[in-house]
Amino acid sequence: MTDEKRSETDIIPQKRVIYKVVLTGGPVAGKTTTATELRSFFENIGWKVYQVPEAATILLSGGPKPREFTKTERFSFQFNLLKTILQLEKTYEDLAQFSKQNCIILCDRGTMDASAYCEAESWDQIIKELNTDCVAIRDSRYNLVVHLVTSAVGALHFYLKEKGNNPARTESPEEATHLDDLLSKAWVGHPYVEVIDNSTDFDGKIRRVKEAICARIGIDVGDRLHLESKKRKFLVKSLKSDEEFPTFQDFDVRHDYLDSPDPYSQIRIRKRGQNGKYAYTCTVRKFVKGEMAETRRQITSKEYDTLVLQRAVGNAPIYKVRRCFIWGNQYYQLDTYKEPCTSASKGIIILETYTTERGKLDLPKFIEVVSEITGERRFSMHTLSKLNSESEASS
């Protein structure tokens with residue numbers, strides 16, 4: 001097929017959607033109730049819903065007592081826990097392939113949750129023995145991670161009430177907070193993490209989860225949900241040393257804009273990874289009735305290698321180091337543009353976050369921000385990728 005005859009549907013297949021979401025968080029965060037509400041919501045709008053049960057609950061129901069484990073027993077349990085998670089998810093993924101409906105797979109915890117319960121050395125050995133890596137089981141495996149903050153942080157009265165009603169809840173508020181922190185750090189590095197805190201009542205918390213998932217999938221539910229969370233961007237002057245940052249993950253990222261058969265749409269592919277392991281996505285942004293609509297899908301390395309040959313002549317590849325971290329219950333991405341680059345993007349550092357806050361944000365103190373650049377076209381990635389001179393176009 002020639003480029004002239006290529007249509008947008010050749011690049012983004014028009015087919016049913018299978019979307020995979022992890023629900024994670026500390027004790028008494030509301031995962032069970034949220035999953036039930038999500039199931040009802042998505043079934044009501046015509047989706048098939050699969051709920052992957054929590055693997056640890058299944059295994060622990062057979063009698064193991066983690067507090068009594070030796071180091072060897074703990075390693076064996078976590079090793080088999082991860083194998084169980086992988087197999088349970090595969091079962092529901094296989095079922096979703098047969099469905100004629102759009103499907104959402106809701107995972108009660110995911111692969112990286114297991115890493116919060118063992119030492120880093122043991123975790124590295126587990127994934128090595130399973131012949132996998134963190135990019136594969138964290139970044140490429142799930143479309144979205146939703147971290148529900150434990151009610152011990154921000155809704156202590158509710159946590160104490162639930163703990164009193166459930167003898168199985170043995171964690172003190174301090175222990176629950178610590179575990180919540182470990183679980184949030186376990187997912188740092190995934191490209192799409194939504195942290196849902198307790199700043200609203202529980203109904204509002206569930207609504208925010210629905211908003212986050214619908215916004216990421218691109219579902220138009222009319223006025224059923226009000227999507228308040230917006231991306232805000234800030235130009236950064238300089239960074240302090242790595243020691244000033246909380247737990248973070250750095251990724252090598254490349255973006256390429258492709259030739260588009262539609263003058264009102266942008267097509268972009270991304271290669272993102274670390275330690276030589278990569279995940280790939282293709283994004284289409286299109287103006288629909290004066291508004292920008294965005295669809296995104298994961299692609300294989302073979303698809304990426306084919307599509308990258310169709311890079312738009314007037315746009316250069318964008319190379320970045322992306323740093324992901326959580327600060328103040330807010331998920332941030334910090335992009336440092338790297339050479340080779342266009343003259344417009346040289347030396348650019350941009351901080352991004354999604355928030356419902358419209359006023360002044362309490363930004364990380366260890367980052368020196370010049371100004372907010374939300375909505376400024378000259379700092380859009382598409383603008384920064386443009387070749388503005390003959391020498392750049394020939395390089």
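1. Helix 4, which covers residues 71-98, has 28 residues and should span 40 Å at 1.5 Å a residue, and because its end C-alpha atoms are 42 Å apart, the two values agree. The expected span is taken as 1.5 Å times one less than the number of residues, and helices here are DSSP runs of H or I with at least four residues, strands being runs of E with at least two, both numbered from the N terminus.

2. This is a predicted model, in which local features need pLDDT of at least 70 and side-chain atom pairs count only at pLDDT 80 or more, while totals for chains, interfaces and linings use all residues. Residues are numbered from 1 along each chain as its sequence is written, and side-chain values use heavy atoms, with hydrogens and water left out.

3. The buried residues of helix 4 are Phe77, Gln78, Phe79, Leu81, Leu82, Ile85, Leu88, Glu89, Tyr92 and Ala96, where buried means under 20% relative accessible area, exposed over 50% and partly exposed in between (1.4 Å probe, protein chains only). These buried residues pack against strand 1 (18-25), strand 2 (48-52), helix 3 (55-60), strand 3 (103-108), helix 5 (120-129) and helix 6 (134-139), contact being heavy atoms within 4.5 Å.

4. The axes of helix 2 (residues 31-44) and helix 9 (residues 202-217) come within 10 Å and cross at roughly 50 degrees, so the two helices are oblique to each other. Oblique covers the angles left over when those under 35 degrees count as roughly parallel, over 145 as roughly antiparallel and 65 to 115 as roughly perpendicular. The crossing of helix 2 past helix 9 is right-handed, that is, the near helix is turned clockwise from the far one by less than a right angle.

5. On the helix 2 side of this contact are Thr33, Thr34, Glu37, Leu38, Phe41 and Phe42, which meet Phe202, Ile206, Val209, Lys210, Ile213, Cys214 and Ile217 of helix 9. The contact residues divide into nine nonpolar, two polar and two charged.

6. Arg109, in the loop between strand 3 and helix 5, has a positive phi of about 70 degrees and counts as buried because its relative accessibility is 13%. Asn131, in the loop between helix 5 and helix 6, has a positive phi of about 55 degrees, but with a relative accessible area of 72% Asn131 is exposed.

7. A cis peptide bond, with omega about 0 degrees, joins Glu339 and Pro340. Pro340 lies in the loop between strand 12 (330-338) and strand 13 (349-355).

Terms used: Axes fitted to C-alpha atoms, helices over the stretch in contact; angles between N-to-C directions. Nonpolar A, V, L, I, M, F, W, Y, C, P; charged D, E, K, R; others polar.
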